Amino acid sequence: METKILKNSKQDIALAGEIIKNGGLVAFPTETVYGLGANALDDEAVKSIYLAKGRPSDNPLIVHIAKKEDIPPLVKEIPKKAEMLIDAFFPAPLTIILKKSDLVGDTVSGGLDTVAFRMPKNETARALIEAAGVPVAAPSANTSGLPSPTKASHVISDMNGKIDAVVDGGDCEYGVESTVITLAGETPVILRPGAITKEMIEKVIGKTELAKAVLSEMGSEEKAASPGMKYKHYSPRAKIIIVDADKRTYEKFVNSKKNAFALCFEEDNVNIPKVVFGKENDDLSQAKLLFDKLRELDTLGAKRVYARIPNKNGVGTAVFNRLIRAAAFTVIDLNKPFTIGLTGPTGAGKGLISKEFEKLGFKIIDSDKVARKLTEKGSPLLDELQKAFGKDILENGELNRALLAKRAFENKEKTALLNSIMHPAIIEECKKQSDIPCVFDAPQLFEAKAESDCYKIICVSAPLEIRLSRIIKRDNISKEQAMQRINAQFDEKYYIDRSDYVIYNNGQNINEQIKTILEDIL
């Protein structure tokens, strides 16, 4: 179809209202983002929204109204707290969810028994709703999953030929969608943060919860109660990776990257190509620019983008909420001492994998080497080991490692005793040595409970026969002794189930496996 580009004039707004009244689709500006509007009471018109956007049908829509008097017909009742919010904020970038009336169909509500409604602050939006003479269902006017549009040009890029008209009302004021709060249950819950913050709401109605899905991924079986909760959202074609770090650490990290872009703040000193989305301590500037800059990354041909994490307070909560969905919840946490944990059963070949990572520029922290250093002559740990495993494990002050291993691997209880002595000291020393990027080579990573210190964990795996042969040759021990060491560890399935990735060291191409993993996480 031909998409009409309309001006922000009385005549064109009247025409846009007529299109909506007759079952058509019109994109229009609001103070948050551009919305894609249809008659909320016309089921077929609402279905055409989902079709034009390619939007999942269980993702509910927001019903936009022009005045407070439009609310009662849409809901079963208006509770006191809803009245308080309406009186305090409307018109505003705030959406309220209540139990719906029979007037509201299942399509607009995504099959739920509730309806989400708001009264836009933007005068053009309210004028259009008045001209249509009906409540207007309107999600963001973009292809589903892409960054929301904050300019008419964004809408035209996504929707040209798919909808009847676009009203060009200039740039949106806030740049992120409205705050969504549900009052359909006993406790008010914010399902999507926006420019009306949790703190602002609590000043009006008291204690309000923030849904877990605001800052983390929603469960696959959970049903979305609000737009923007369940699916990967707001994402450009480039792969976005959030970097959780202070300014200096972020700069050091991204400046070491090649063939990548930085999505950062105005104050960041970045040498790679960068796109700036506001100032570090100005969350309103970040909100206004975020979607526009995500789209700009595609224009620039970015493939991989490292984004500086915003703070999670005030409007920053909304910025983080959108950014983490754009990144499909991929976050590199550089506040942790180790970037990648490398583990797996003994004999799997972690040393070989470590060398390959070292060639790629990673600092290797070898927990076995650290353990040897900590048990050199004169170490205070030797006294503890003697008390636990006998005085004769020392010869002229030197640790008889073979004798210690023989006694420590006799049974799981003695192995656990050795671990309780060694692991805390090893972890403390490894943290001192950590740098970015680095690999923590730790056969007993899970036993030491060090997995929380790792951004991602890679398990190195190999068949039992290969592992057994390697251990016998490496340690010059018998088959029985080798099996004793294998049996003292968790089984292979335990490592695989608790790791993010597996490298199979059994003849498969190791470099290709490492490359695939790094492309995904870094």
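Figure 1. The structure shown here and in the views below is a predicted model.

**Figure 2. The whole protein, for orientation.** The chain has 522 residues, of which 55% count as buried. The protein contains 18 helices and 23 strands. Its C-alpha trace spans about 95 × 45 × 40 Å along the principal axes. Among contacts between residues at least 6 apart in sequence, 69% join residues at least 24 apart.

**Figure 3. Eleven strands form an open sheet with mixed pairing.** The strand order is β1-β8-β2-β3-β7-β4-β6-β5-β9-β10-β11. At the edges are β1 (4–6) and β11 (209–210), and each of these pairs on one side only. Strand β5 (residues 94–99) and strand β6 (residues 114–118) run antiparallel and are joined by four bridges. In this pair, K99 stands opposite T114 in β6. Helix α3 (residues 80–89) lies across β5, β6 and β9 (179–182). The direction of helix α3 is at about 160 degrees to β5.

Figure 4. I20 is located in helix α1, which covers residues 10–21. Is I20 buried or exposed? I20 counts as buried because its relative accessibility is 0%. Leaving aside residues up to four places away in sequence, I20 touches V26, G37, A38, N39, L128, A132, V134 and V136. One of these contacts, N39, is 19 residues from I20 along the chain, and the C-alpha atoms of I20 and N39 are separated by 5.7 Å.

**Figure 5. Five strands form an open sheet with parallel pairing.** The order of the strands is β14-β13-β15-β12-β16. β14 (274–276) and β16 stand at the edges, each with a single partner strand, so one side of each is left without a neighbour in the sheet. From one strand to the next, the twist averages 25 degrees.

**Figure 6. Strand β12 and the two strands that pair with it.** Strand β12 covers residues 239–244, and five of its six residues are buried. Which strand is joined to β12 by five bridges? That strand is β15 (residues 304–308), and β12 and β15 run parallel. In this pairing, K239 stands opposite R304 in β15. Strand β16 (residues 331–333) also pairs with β12 in the parallel sense, over three bridges. Here I242 stands opposite V331, and V243 stands opposite I332. Helix α18 (residues 510–521) lies across β12, β15 and β16. Helix α18 runs at about 45 degrees to β15.

**Figure 7. Helix α13 and the elements that cover its buried residues.** Helix α13 covers residues 401–408, and its buried residues are L403, L404, A405 and A408. The elements covering these residues include α12 (381–389), β20 (398–399), α14 (412–433) and α16 (479–487). An α-helix has 3.6 residues a turn, so residues three or four places apart point the same way. At the start of α13, a side-chain oxygen of N400 comes to within 3.3 Å of the backbone nitrogen of A402.

**Figure 8. The contact between helices α13 and α14.** The axes of the two helices, α13 and α14, come within 8 Å and cross at roughly 125 degrees. Because of this angle, α13 is oblique to α14. Which residues of α13 and α14 make the contact? On α13 they are L404, R407 and A408, and on α14 they are K414, T415 and L418. By class, the contact of α13 with α14 has three nonpolar, one polar and two charged residues. Two of the contact residues on α13, L404 and A408, are also among the buried residues of that helix.

Methods:
Residues are numbered from 1 along each chain as its sequence is written. This is a predicted model: local features need pLDDT of at least 70, side-chain atom pairs count only at pLDDT 80 or more; totals for chains, interfaces and linings use all residues. Side-chain values use heavy atoms; hydrogens and water are left out. Buried means under 20% relative accessible area, exposed over 50%, partly exposed in between (1.4 Å probe, protein chains only). Two strands pair if DSSP finds at least two bridges between them. Contact means heavy atoms within 4.5 Å. A polar contact is a pair of N or O atoms within 3.5 Å; within protein, one must be able to donate a hydrogen and the other to accept it, and residues adjacent in sequence count only if both atoms are side-chain atoms. Axes are lines fitted to C-alpha atoms, for helices over the stretch in contact, and angles run from 0 to 180 degrees between N-to-C directions. Angles under 35 degrees count as roughly parallel, over 145 as roughly antiparallel, 65 to 115 as roughly perpendicular and the rest as oblique. Ala, Val, Leu, Ile, Met, Phe, Trp, Tyr, Cys and Pro count as nonpolar, Asp, Glu, Lys and Arg as charged, and the others, Gly among them, as polar.
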